[in-house]
Amino acid sequence: MNPHPTTLDLMRHGEPRGGHRFRGSLDDPLSDTGWAQMRAAVADHRPWDRIVSSPLARCRGFAAELAERHGLPLEIEPGLREIGFGEWEGLTAEAIEAREPGALARYWADPIGARPAGAEPLDAFAARVEAAWRGVIERYSGRHLLVVCHGGVIRTLLRHVLDMPLERIWRFDVPYAALSRVRVYPDAAPVLRFHCGRLGG
């Protein structure tokens, strides 16, 4: 293990085509607004040694563009794809509420026990995301990485870093193109440096 800390900047994708919907595994690309959000979030900063991305287009497209622009290696990590929302995939919150009144409120309050039909279990989702996280840290110990992924993935990782109960992941607000920084130390607990912050100069 490298004696130096590993720094991971977690970036959510921008707005996908079709606006706010429960996407999960749906592979919608970024809208023009989404591209603009992500480009503005990173501007001309280039502190990273490598970019790691979810395989879904709304993450992978921007990650590939940024990697090419700065000559950085890009790795696609399948374990970082978003949680599957089952029967809710492709639906807006309004459509879900019209079809199943009260279902969203129940889910926000109890994401383990009140998940939609066919959805990926939250504990299974957390296990695969955390396994991908550990693998990335082992492979690139001591490096500074940009991880382009999803709101659910970032919430799960922040919950893991802060040692919070799994059912509280929805207490994090993760807007489009939001950036969070985590520093992982070889012999100490990881530290959340900032959430929904900005890159330095």
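I began at the end of helix H6: Asp163 follows H6 and has a positive phi, near 60 degrees. Helices here are DSSP runs of H or I with at least four residues, strands are runs of E with at least two, and both are numbered from the N terminus. Asp163 is not a glycine, yet its phi is positive. I placed Asp163 in the loop between H6 and S5. Asp163 counts as exposed because its relative accessibility is 70%. The cut-offs I used are under 20% relative accessible area for buried, over 50% for exposed, and partly exposed in between, with a 1.4 Å probe and protein chains only.

**Ground rules**

I noted that this is a predicted model, where local features need pLDDT of at least 70, side-chain atom pairs count only at pLDDT 80 or more, and totals for chains, interfaces and linings use all residues. Residues are numbered from 1 along each chain as its sequence is written, and side-chain values use heavy atoms, with hydrogens and water left out.

**Whole protein**

I looked up the elements next. The protein has 6 helices and 6 strands. Along the sequence, I read the pattern β-α-β-α-β-α-α-α-β-α-β-β. The radius of gyration is 17 Å, close to the 17 Å from the globule rule for 201 residues, so the protein is as compact as a globular protein of that length. That radius is taken over C-alpha atoms, and the rule is 2.2 Å times the number of residues to the power 0.38. Along the principal axes, the C-alpha atoms fill a box of roughly 50 × 40 × 25 Å.

I then checked burial. Of the 201 residues, 49% count as buried. The protein exposes about 9,200 Å², and carbon and sulfur atoms supply 50% of it. Those areas come from the Shrake-Rupley method with a 1.4 Å probe; for residues, only the protein chains shown count as cover. Among contacts with a separation of 6 or more, 70% join residues 24 or more positions apart. Contact means heavy atoms within 4.5 Å.

**Helix H6 and its neighbour H5**

Back to H6, residues 151-161. I found it largely enclosed by the rest of the structure, because 10 of its 11 residues are buried. The buried set includes Gly151, Val153, Ile154, Leu157 and Val161. What do the buried residues of H6 pack against? I listed S1, helix H5 (122-139), S4, S5 and S6.

I picked Glu130 to look at H5, the helix that holds it. Glu130 is buried, with a relative accessible area of 13%. Leaving out residues up to four places away in sequence, Glu130 touches Thr156, Arg159 and His160. Thr156 and Arg159 are among the buried residues of H6.

**Strand S5**

S5 came next. It is largely enclosed by the rest of the structure, because 5 of its 6 residues are buried. I counted 6 bridges joining S1 to S5, which run antiparallel. Two strands pair if DSSP finds at least two bridges between them. In this pairing, Thr6 stands opposite Val184 in S5.

S5 also pairs with strand S6, residues 191-195, in the antiparallel sense over 4 bridges. Arg183 stands opposite Val191 in S6. S5 and S6 form a hairpin, with 6 residues between them.

Is Arg181 buried or exposed? Arg181 is buried, at 14% relative accessible area. Its side chain joins that of Asp9 in a polar contact of 2.6 Å. A polar contact is a pair of N or O atoms within 3.5 Å; within protein, one must be able to donate a hydrogen and the other to accept it, and residues adjacent in sequence count only if both atoms are side-chain atoms. Beyond its neighbours within four places in sequence, Arg181 is in contact with residues including Thr7, His144, Phe194 and Leu199.

**Helix H2**

I turned to H2, residues 57-70. This helix has 14 residues and reaches 20 Å from first C-alpha to last, close to the 20 Å expected at 1.5 Å a residue. The expected span is 1.5 Å times one less than the number of residues. Among its buried residues are Ala57, Cys59, Phe62, Leu66 and His70. The buried residues pack against S1, H1, S2, S3 and S4. Gly71 follows H2 with a positive phi, near 65 degrees.

**Ala43**

My last stop was Ala43, in the loop between H1 and S2. Ala43 is not a glycine, but its phi is positive, about 45 degrees. Ala43 counts as partly exposed because its relative accessibility is 36%.
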